[in-house]
Amino acid sequence: MSDRQQRIRNFSIIAHIDHGKSTLADRLIEYTGSVDSRVMVSQLLDNMDLERERGITIKLQTIRLIYHADDGEEYYLNLIDTPGHVDFTYEVSRSLAACEGAVLVVDASQGIEAQTMANVYLALENDLEIIPVLNKIDLPSAEPERVLHEIEDVIGLDTTDTPMISAKEGTNIKDVLEAVVRRVPPPKGDKQNPLKALIFDSYYDSYRGVIVSIRVMDGQVKKDDRIKMMATGKSFDVDEVGIFLNGLHKMESLQPGDVGYLTASIKNIGDTAVGDTITFEKRPADAPLAGYKKVNPMVYCGIYPVDGAKYEDLKEALAKLNLNDASLLYQPETSAVLGFGFRCGFLGLLHMEIIQQRLEREYNLDIVATVPSVVYHVILTDGTMMEVDNPTNMPPVTNIQSMEEPIVQATIMLPTEYVGAVMELCQARRGVYLGMQYLEETRVVLEYDMPLNEIIYDFFDALKSRTKGYASLDYELKRYQKSELVKLDILLNLEIVDALSFIVHKEKSYERGRKIAEKLKGEIPRQMFEIPIQAAIGGKIIARETVKAMRKDVLSKCYGGDISRKRKLLEKQKEGKKKMRQIGKVQVPQEAFLSVLKLDE
Amino acid sequence: MKKISLYIHIPFCKKKCFYCDFVSYEGVEEMVIEKYFQALYEEIRAYRTLLNGNYSIETIFIGGGTPNYVDVEYIEKLMQVINDSFDVQADAEITMEANPNGHATEEDMSRYKRAGINRISLGLQSADDKLLAEIGRSHCFEDFRHAFAAARSAGFDNINIDLIFGFFEQDQQAFYDAVGYVIETGCEHVSAYSLKLGEETPLYEVYMERGFDLDDEDWADRQMHQYVCDALQKNGYMQYELSNFAKEGYACKHNLNYWNIQEYIGFGVAAHSYKDHARFFNTSSIEQYLEDIKINASAIEEIEQLDVQKQKEEFIIMGLRKIKGIEIDEYNRRFGSDFLADYSKEIAYLTEAKLLENDKKNVWLSEEGRDFANIVMMEFIAEINY
């Protein structure tokens, strides 16, 4: 192993949302002077506005820190940031696979949370050296002793010499750097072996094409090498290699243990799948690195422009988002009600929410999203299986032999006082209780098997409201399971509103149908005729509400002083009407579509 | 010479009705009333140069508030000031609103008549004393009878009676009885309004506390509306506007001028004017009014100059209030444009929806359309692009 390789440390910071991961990263960068302080924006690694606002990382960022340690040596510390959310578990696991160590940040007053655990498991799976760090020790509510205990009891980590820091105040940052140097092992790998480099991220740059983040495991790579992606099978000529040092920093070559980037005039981000292994075309490695898998969307919904004329804008925006996010799938679809739009697939609910918000904020689009759906397996009478992610595509009941739905294992961490309420909620959502573990006297972990379609409606909101925001949730796909599922249609004025159809468990269908009908009744303004709102399964009506007909809309008195006011009122009324969707002859406000997504009161 | 109308606002009442959201004040000191009228006279005189020589006064409407709440002399003087200042047509329609329990004896009525007023508009509202008390009217039905008889004896041969319906849990039979009494009086004109309760009114609060659903009252409201239309028409009162009925030749010229988008000048607090395609109105504060008049002889608070689009919109929405609707020729003449072409799309689908009818000379609301006038009118409003 070269002397240089001995002085490389590759590590990530893992934490639950809000525990201070990004702030710590900022401090490490600042402390080592890796970024000019003038260009340092708070939380540099989270470079999307949305990320900074929500305190989560969506897109990975990587940076090399040069650190003069107490032993007198200069070290290259490659900090690989990880996305902090459940939806991006696979991306987290791949960036962890590029490291030898992980700094586990735990909030000194909050203690361990659901995502802390999930991330720790991922780190352990990847054989990482885990360095616990207690953050926010400056807060009056900090209880370092208790939380250290928790880390030892629940995770089983040795907490001697645990750095006690305040990333916000910049306290004891050096302890973290020293711990990384001393405890994270240097990377292995041999320069003479055929190239093996792990792709852990990629993004699109309009000038250079796809910029691929890699960790070299074996061999070395330089400009003009002919490389091959082992999973996708695509080959490219390398244009440039380099490291992340205050931006992209060109290098002669990348060697074993290095974390850096390469460009190779790659136009399509899909060709650089996260988890894939890069090798030489002529002299390939005998086997790819373990752990590659294709990520499939778990949640789908239709996205439509409010103004039909904005279809092309929406298309362009999705294409742009897709350049940097291969996990976002989209394809055109048509709705009788909403017109032209796109069926979009997401890794999970947060991913969906983020994309919707980015379309609205960064691309200034007004969109309507349909009820989200998971991917169902429909086994037809002829024995074949089809995947259905859009209720509209569900085949007629007579052609269906059986159906299967995705089941996830949900891990919920919460204060003991809310256990009853949360168990009730999980039970109501068809959860199957797996177990409960006490983290300490006041906090427990609940494990449930839950149908994903019960989680995607408003489970997060319901969980939050039942626990005053103290519960945290993580879930992962476990299996598909046979289930009694039906398609529920909503009819407005006797016409099916395709955008409101969804697939639901038979036992829940009556209740949900009734609730939606009630909710819509409150959202649809009275019109000149009576409007029946019906919920139906097949041809059978299971719930009905009526929006009574409006009897009049007329101003009785209108004289000299009322004329301009009257005109202004009509202008306003007209403006309101413009924001409505016409379904048959019924005017439906946009809010009605949103309201059926939030049924839990 | 051009014709113009005048409106004079008397913002005083003995007591405000619980459903009223007009600009009017109760319990105002005599000294303030005195000052108000002095200011009002000054405001009128200040218009003398502007109107004289070019305009003749076609109609005058003295409204409120309660014009017969203040001493009769104020009104006599008011009429004198108007006549001294302007060229009032000999056949001008001059209306004054009156409350049955204001100055309404035969002697009072004779003085109003002598002052030049030739049309009285009496606020009966309801013949049901229980309801009258509940909605804060200070008169009872008997007061109305006396007032009406006094007006007749004084020689008023053009009398309007105001009715309101659509109160919650209103005794419908009592309302139908009231319609009967009104017809019996042989009055020349009836205005029948469906209650539109402002959120700022005391009655609104009371109703909310009692848990009424405003929307749910529509059904009873439309029944009473239908009744009053049928009963009046059967007895020789022609409906000529959404809420107004008159015997042949007695339609209110002053109000028709509003609906025909003619010019008018308003005097007094909160009074609105329309002249040279501009809408403007006075301050609604008495104090401010007194001060503004003292300094400027004018109390205009805001002016809106209408562009052609807005002029068209107002012509249409006000025109549609009339039962015979908009005169297409008049639209074409005013705007140098073709109504049927300008709005061919709107006319087509509103006709299809049976809300609008036309015979190429006029365009009017269908009977059903009258209940949904706002919906029809909205279609003629241009979309505002922000």
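Why does Leu122(A) count as buried?

## Leu122(A) and its surroundings

This is a predicted model. Leu122(A) has 22 C-beta neighbours inside 10 Å, so this leucine counts as buried. The cut-off for that class is 20 or more.

Leu122(A) sits in helix H5 of chain A, which covers residues 114–125. Leaving aside residues up to four places away in sequence, Leu122(A) touches Val92(A), Ser93(A) and Leu96(A). Tyr90(A) lies 32 residues from Leu122(A) along the chain. The C-alpha atoms of Tyr90(A) and Leu122(A) are 9.3 Å apart.

## Chain A as a whole

Chain A has 601 residues, and 46% of them count as buried. Its secondary structure consists of 15 helices and 33 strands.

Consider contacts in chain A with a separation of 6 or more. Of these, 69% join residues 24 or more positions apart.

## Where chain B meets chain A

In the contact between the two chains, chain A contributes 24 residues and chain B contributes 35. On the chain B side, several elements give two or more residues each. The helices are H9 (218–234), H10 (253–259), H12 (308–319), H16 (367–371) and H17 (373–378) of chain B. The strands are S8 (189–194) and S11 (264–267) of chain B.

What is the make-up by class of the side of chain B that touches chain A? That side has 15 nonpolar, 14 charged and 6 polar residues.

Conventions: Residues numbered from 1 in each chain as written. Chains lettered and ligands numbered in written order. Predicted model: local features only at pLDDT ≥ 70, side-chain atom pairs only at ≥ 80, totals over all residues. Helix = DSSP H or I, 4+ residues; strand = E, 2+ residues; numbered from the N terminus. Buried ≥ 20, exposed ≤ 12 C-beta atoms within 10 Å, placed from the backbone. Contact = placed C-beta atoms within 7 Å. Nonpolar A, V, L, I, M, F, W, Y, C, P; charged D, E, K, R; others polar.
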